[in-house]
Amino acid sequence: MTAVTQRGRVIQDPNFIKTLFNDPRAAWFWLVVRVWLGYKWIDAGLHKVESPAWTETGDAIKGFWTGVVQIPEGGRPPIAFDWYRNFIQYLLDSEAHTWFGPLVAYGEVIIGVALVLGAFTGIAAFFGGFMNWNFMMAGSASTNPMLFVAALGLVMAWKIAGYIGLDYFLLPWIGTPWGRKEKS
């Protein structure tokens, strides 16, 4: 679909945007971003996978959630939005930490491996970015904003971000849902 002004002029993307997100020559740039981000996810996930507090009891995430839902008498709470605090409180009340801890731990490793291998890069980056967004919503800045921006870039560059990786083979083989022709 093409964006057109009221006067019928086509709005063009700047050339550097076309190159950055569509040109296979930019795949080298995205390779560096992708492997770096994948390494960060693997590193974070392995620390969690090796901890029973994440994978067996979920007590690590329960402790984190318990801390972030607290509203201090003075100062600002870690979670700025009441609806998100209520969501985390619901997870605590329903004891979701028992399955959520392992989900986070193994999810981080799977996202990291997919990014390093360049397999389903756009999807892996989307879920990584979604996790970063949730960490930031819960008041944990740390490196999450930088990781979120890298993931966002990989999502936007999905066509070429895994070009130097398994996506080179996977995307043509599997195709995309919107690129399939209906059988008559």
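Contact here means heavy atoms within 4.5 Å, and helices are DSSP runs (H or I, at least four residues) numbered from the N terminus. The model is predicted, so local features need pLDDT of at least 70 and side-chain atom pairs pLDDT 80 or more, while totals for chains, interfaces and linings use all residues. Residues are numbered from 1 along each chain as its sequence is written, and side-chain values use heavy atoms, without hydrogens and water.

**Exercise 1.** Find the residues with the most contacts inside the largest nonpolar core.

*Solution.* Such a core joins buried Ala, Val, Leu, Ile, Met, Phe, Trp, Tyr and Cys residues through side-chain atoms within 4.5 Å. The largest one has 34 residues, and W30, L37, W65, I88, L115 and L154 have the most contacts inside it. Helix α6 gives the largest share, five residues. Now zoom in on I88: leaving out residues up to four places away in sequence, I88 touches W65, V68, V69 and I79.

**Exercise 2.** Is N134 buried or exposed?

*Solution.* First place N134 in helix α7. Its relative accessible area is 16%, so N134 is buried. Then check its side chain: a polar atom there lies 2.8 Å from the backbone oxygen of F130.

Terms used:
Buried means under 20% relative accessible area, exposed over 50%, partly exposed in between (1.4 Å probe, protein chains only). Helices (H or I, at least four residues) and strands (E, at least two) are DSSP runs, numbered from the N terminus. A polar contact is a pair of N or O atoms within 3.5 Å; within protein, one must be able to donate a hydrogen and the other to accept it, and residues adjacent in sequence count only if both atoms are side-chain atoms.
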